[in-house]
Amino acid sequence: MSSEQEIPIKQKCLQWIKVGDKPFQFTDSALVTQPKDLEQNDVLIQVYSAGVNPIDGKMAVENIAHVKLPAVVGYDISGTIVGIGSSVKDFKIGDDVLGCLTFKRGGGFQQYCVTDESVLIKKSPGVSHEQAASLGVAYLSALDGLQHVRNQIQGKSVFVPGGSGGVGHFIVQICKILGASPLIASASKEEGIKLLKETYHCDHVINHAKEDVVAKIQEITVGQGAHIVFDSTYISSSFEKSIRSTANGGLKEACEWILQGKLKPYINQQPTIEELETAIEKLRKGQSGFGKVVAKIH
Ligand SMILES: NC(=O)c1ccc[n+]([C@@H]2O[C@H](COP(=O)([O-])OP(=O)(O)OC[C@H]3O[C@@H](n4cnc5c(N)ncnc54)[C@H](OP(=O)(O)O)[C@@H]3O)[C@@H](O)[C@H]2O)c1
């Protein structure tokens, strides 16, 4: 185990203190795990950005992963390695990394988090910490849902209901990259509709609150219906397995696409760690607008 910079003893953290109502409590004096105390495959990361997802609030209310409390939620992180365990092979102190933490350990919503090296990949300098932390759960969920039809998207009509959402805006972009035509999406908020039209260049954007979605799809596809429909407004069950099986390949490809200017995560809000509790609650209630919420942790 080694360390090049002095690690503080205490840190800012949004602690998950109980299951159910008002599950979180902000503190600026949570203990930081010191490099000498790391398990052999663990790394200590100074977190710069952490993605905010509906699962943060759901986990806190239901504890589906049976996590021992107090704990810290937050699963999509980007930061710099500041400590490594004795058996860590692929990373060194100073590496910029991104990753999707497991639901069992979590830990993104604090300034220093500990995780197993297997859930991380190195971050290219051309991908910002905000972009890197916007991927994780939402991007991998989009990718997971598309995996069975991925090779059939080129030239096919694809409809993405809720295409402006955290998951939806990644589905829309992946489908565009893979050649969907026509690419059709729906949303109801004005900013989301604008994002889909102007930033992601969807061929058709349906306002699901004002228009007859089915009739519109029939009209666009000349009565055939869309070849592929990916409804990203679904209620999630467990996708930890898919995260584990696709994390590295999926996120590496996403970073490549960001570097090539093909994939553009939309970061709608960047709450501070002090504002996180409110941000999680707003996301849980569907009041976050469109694109991704990525917290500024450091
Ligand atoms: N974010 C993640 O990491 C993640 C991962 C896996 C699963 N999930 C699950 O997937 C679902 C969506 O998550 P999200 O993060 O993408 O949520 P979100 O950011 O709130 O996006 C929801 C999307 O659904 C649209 N929408 C709302 N009501 C609709 C309706 N009646 N018909 C069609 N579209 C509608 C919204 O557009 P308007 O507001 O403009 O109508 C928005 O585009 C949630 O159940 C979540 O738990 C999320």
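First, a term: a residue is buried when its relative accessible area is under 20%, exposed when over 50%, and partly exposed in between, using a 1.4 Å probe and protein chains only. Residues count from 1 along each chain as its sequence is written, and side-chain values use heavy atoms, leaving out hydrogens and water. The model is predicted: local features need pLDDT of at least 70, side-chain atom pairs count only at pLDDT 80 or more, and totals for chains, interfaces and linings use all residues.

Select Phe-170, which is buried at 0% relative accessible area. (Rings of Phe, Tyr and Trp, the latter by its six-membered ring, pair if their centres lie within 6.5 Å; planes under 30 degrees apart are stacked, over 60 edge-to-face, the rest tilted.) Tyr-139 belongs to helix α3 (residues 136–146) and Phe-170 to helix α4 (residues 168–177), so the link spans 31 residues; helices here are DSSP runs of H or I with at least four residues, strands runs of E with at least two, numbered from the N terminus.

How many aromatic pairs does the structure hold? Three. For another one, pick Tyr-75 and Phe-103: edge-to-face, 4.9 Å centre to centre, with 85° between the planes. Both Tyr-75 and Phe-103 are buried. Tyr-75 is in the loop between α1 (54–62) and β4 (76–84), Phe-103 in the loop between β5 (96–100) and β6, so the pair ties together parts 28 residues apart in sequence.
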